[in-house]
Amino acid sequence: MVPNDMPTAHNGDSNPTQDAAIHCMMLSERIESVENAARLADPQLYEYILKAVTCDVNYNYLSTVMNIPCSANMFYDRKQRFYWILSQNIEKKERDKYI
């Protein structure tokens, strides 16, 4: 018998395509959750909130490059609200696991 050099799962039930599909679904759900939290935080500023939290840009960039239509105080208030909403959604999802 010639040994096979290909890696295999211990139980033989490995399905890389299924694993990749499940991973893509989880990422898609997380992206949707982040986008929804940004919209709930402020429907008019959600694009700026997303840019700030996903690309790590500050208010100065949003103001000078993207012409954000609000003050820094208002933006940071909405950004804080975004994180609070996202946190609440994560906690609810965790609680719902056990129901």
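Colleague: How many disulfides does the structure hold?

Modeller: In general, a disulfide is a covalent bond between the sulfur atoms of two cysteines. Here a disulfide is counted when a pair of cysteine sulfur atoms lies within 2.5 Å, and the structure holds zero of them. Before we go on, please keep in mind that this is a predicted model, in which local features need pLDDT of at least 70 and side-chain atom pairs count only at pLDDT 80 or more, while totals for chains, interfaces and linings use all residues. Residues are numbered from 1 along each chain as its sequence is written, and side-chain values use heavy atoms, with hydrogens and water left out.

Colleague: Is Cys 70 buried or exposed?

Modeller: The words rest on relative accessible area, where buried means under 20%, exposed over 50%, and partly exposed in between, with a 1.4 Å probe and protein chains only. Cys 70 counts as buried because its relative accessibility is 11%, whereas Cys 55, at 41%, counts as partly exposed. Over the whole protein of 99 residues, buried residues make up 20%.

Colleague: How many helices and strands are there in the protein?

Modeller: Helices (H or I, at least four residues) and strands (E, at least two) are DSSP runs, numbered from the N terminus. By that rule the protein has four helices and zero strands, and its elements run α-α-α-α from the N terminus on.

Colleague: What span does H1 reach from its first C-alpha to its last?

Modeller: The expected span of a helix is 1.5 Å times one less than its number of residues. H1 has 26 residues and reaches 38 Å, close to the 38 Å expected. H4 also has 26 residues and reaches 38 Å, again close to the expected 38 Å.

Colleague: Which residues of H1 are buried?

Modeller: An α-helix has 3.6 residues a turn, so residues three or four places apart point the same way. In H1 the buried residues are Ala 37, Ala 38 and Ala 41, and they pack against H2 and H4. Take Ala 37, which counts as buried because its relative accessible area is 0%. When residues up to four places away in sequence are not counted, Ala 37 touches Phe 82, Ile 85, Leu 86 and Asn 89, where contact means heavy atoms within 4.5 Å.

Colleague: Which residues of H4 are buried?

Modeller: They are Phe 75, Arg 78, Lys 79, Phe 82, Ile 85 and Leu 86, and what covers them includes H1, H2 and H3. In H2, residues 46–55, the buried ones are Tyr 48, Ile 49, Leu 50 and Ala 52, and their cover includes H1, H3 and H4.

Colleague: Where does Leu 45 lie?

Modeller: A loop residue can be read in the way we read the helices. Leu 45 is in the loop between H1 and H2, and it counts as buried because its relative accessible area is 3%. Leaving aside neighbours within four places in sequence, Leu 45 is in contact with Ile 68, Pro 69, Cys 70, Met 74 and Arg 78. Leu 45 and Arg 78 are 33 residues apart in sequence and 8.1 Å apart in space, C-alpha to C-alpha.

Colleague: What phi does Asp 56 have?

Modeller: Asp 56 has a positive phi of about 55° although it is not a glycine. Asp 56 sits in the loop between H2 and H3, and it counts as exposed because its relative accessibility is 72%. Asn 67, in the loop between H3 and H4, likewise has a positive phi, near 55°, in a residue other than glycine.

Colleague: Which helices each supply at least two residues of the lining of the largest pocket?

Modeller: On a 1 Å grid over the protein atoms alone, a pocket is an open set of points where a 1.4 Å probe fits, with protein on both sides within 12 Å along at least five of seven lines, and lining residues have an atom within 4 Å of a point. The helices are H1 (16–41) and H4 (72–97), and the largest share, six residues, comes from H4. Among the lining residues are Met 26, Arg 30, Leu 86, Asn 89 and Lys 97. The space in this pocket is about 340 Å³, a volume being the space filled by probe spheres set on the points, which are joined across faces, edges and corners.
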